[in-house]
Amino acid sequence: MKHETINHRRRSLLQAGAALASLPSWGLAADGKGREVLLRAGIFDQRLDPAQEALTQVWGFNNEFPGPVLRYRKGARVAHRLVNELRQETTLHWHGMRVPNAMDGVSMVTQAAVPGGGHFDYRFALRDSGTFWYHPHHNSFEQVPRGLYGAFIVEEERPPEVDREEVWVLSDMRLDEGRQQIEDFGRLRDIGNEGRIGNLLLLNGTVTGPERQWSVRSGERLRLRLINAASARTFRLLWPGLTAMLIALDGQGIVPRPLPPEGLELGSGMRADLIVDCLAAPGSQLQVLDRGRGERVLIGCQVRDESPLRKKPLGAPMRLAANDIAEPDLARAVDHYIMFQGGMRGGPVIGMVDGKPTKIHELIEQHGLAWTMNFTAQHEHALMHEPMLGVRQGEHVLLHLINETDYSHPMHLHGHFFRVVAVNGKRYAHPDEWRDTVMMAPRTSLDIAFVADNPGEWMFHCHILDHAAGGMMGTIAVDS
Ligand code: C2O
Ligand code: CU
């Protein structure tokens, strides 16, 4: 296998010969303005639990799981070459980033998937600062939970003053006794329910739990960038004993506010930036909790036995400078509706598959689909056919999402940020948020609004990747 990998690499480097001539050194600034970074998607073994001998076969980038943290300044022009050293096709998508459509990395929509041994260059300017991430958009329900993801950080021109910053990539894996992946990707029971929830919680690719210790100093102020890269799991996070303020969601600054007492809900694909102040006494032992599915200790928190860094805490966290996002005007917005149905619990549903009305049980048994959007269930391959919705470039869009299922769905729109306007017809409590992924609670309607100013065909899908594979995906075409 090693052999094959090396050959693939050599072959793709040969194919890339011409491009390489103009890109002298991967990973280094080429001209002071741009960078070229190589991301090799491959398969390797990694120890997820430092207390155990067992290695787990993971898929990752550049032999790292999670993939390398990509970090740039707002406005930079970046170039990333995806080199595919997997035994199946893949792509790279830049979750949350407003890139030109051809760079969005969605197989069968914006590009052909990259075959094993092949490569693809993604070049774009970083319009927005914020916390983003990257992952394949091809067979995502398998490729993401195997480990193909990483953080993509775009720094603000003037970041808030903190003592330290940490990126926390949260995820899970479904492993057997020998710590290997259970090879049940795309199981109907997961597709039609809550998705493929893992049995091992990971923070930056290492197991979590009370034994794991996070060390902070009394008086210290940290910025935490949280990314939920799990393919299905929703986290609900709490930092008891620390003062945590939410300053950004999905990379976009909000009016800083304390975390809700029940915890910070982070659905698949979502990000949150926190400012955490440690006002606890030196020597205290705290814990970070996840109440997403019962209560668990994510990580122990040791306040170091050192004199406090400062006597008085820093002032209130400042608001992040806003990115330039066009404000939707509801007075002239065009209404569109998307109804969601399906799932193994809940009423009977008829769905259109490849143009034919089909009952839910046939949908599941014969097509491996379990969900419909506007009465249609899409296979990933069907994405090449027709957009679910068409809008004009510049149109102010008011999208009414009607969830008739008994499940929660973190809905993600590509290429745009949106406002959440209303929940069940009532004004949403946080009109200052811009989101690219929003949780749609069971049997709830959500109204979201955005200006369709990025031309092209954009995915709109559930970020429970098993739901997306099971029909909960479609595209919105923004026609120029
Ligand atoms: Cu993070 Cu369409 O995906
Ligand atoms: Cu869903």
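Burial first: I call a residue buried under 20% relative accessible area, exposed over 50% and partly exposed in between (1.4 Å probe, protein chains only). By that rule, 58% of the 480 residues of the protein are buried.

Ground rules, for the record. This is a predicted model, where local features need pLDDT of at least 70 and side-chain atom pairs count only at pLDDT 80 or more, while totals for chains, interfaces and linings use all residues. Residues are numbered from 1 along each chain as its sequence is written, chains are lettered from A and ligands numbered from 1 in the order in which they are written, and side-chain values use heavy atoms, with hydrogens and water left out.

**Overall fold**

I looked up the secondary structure and got six helices and 33 strands. These are DSSP runs (helices H or I, at least four residues; strands E, at least two), numbered from the N terminus.

Next, contacts, meaning heavy atoms within 4.5 Å. Of those between residues at least 6 apart in sequence, 75% join residues at least 24 apart.

The accessible surface is about 19,100 Å², with 52% of it belonging to carbon and sulfur atoms. I also checked the charges: the mean positions of the 52 positive and 58 negative ones are 4 Å apart. Lys and Arg count as positive and Asp and Glu as negative, with His and the chain ends not counted; the charge sits at NZ of Lys, CZ of Arg, CG of Asp or CD of Glu.

**Copper site**

Which protein atoms hold the copper ion (ligand 2)? I find H409 (ND1), C462 (SG) and H467 (ND1) as its protein donors, lying 2.1 Å from it. Donors here are N, O and S atoms within 2.8 Å of the metal (3.2 Å for Na, K and Ca); water is not among the atoms, so sites may look incomplete. Along the chain the spacing reads H-x52-C-x4-H. C462 is buried at a relative accessible area of 0%, and H467 is buried at 0% too.

I found a cis peptide bond from F65 to P66, with omega near -10°. P66 is in the loop between β2 (56-61) and β3 (70-73).

R179 is not a glycine, yet its phi is positive at about 65°. R179 lies in the loop between β9 (164-173) and α4 (188-191) and counts as buried at 17%.

N424 has a positive phi as well, near 50°. N424 sits in the loop between β28 (419-423) and β29 (426-427) and is partly exposed at 47%.

**Two loop residues**

F417, in the loop between β27 (409-413) and β28, is buried at 3%. Leaving aside neighbours within four places in sequence, F417 contacts several residues, including G96, R98, D128, W434 and F450. G96 is 321 residues away in sequence but 7.8 Å away in space, C-alpha to C-alpha.

E386, in the loop between β24 (371-373) and β25 (389-392), is exposed at 61%. With neighbours within four places set aside, E386 contacts Q378 and T475.

Terms used
Areas by Shrake-Rupley, 256 points an atom, 1.4 Å probe, with all protein chains shown as cover.
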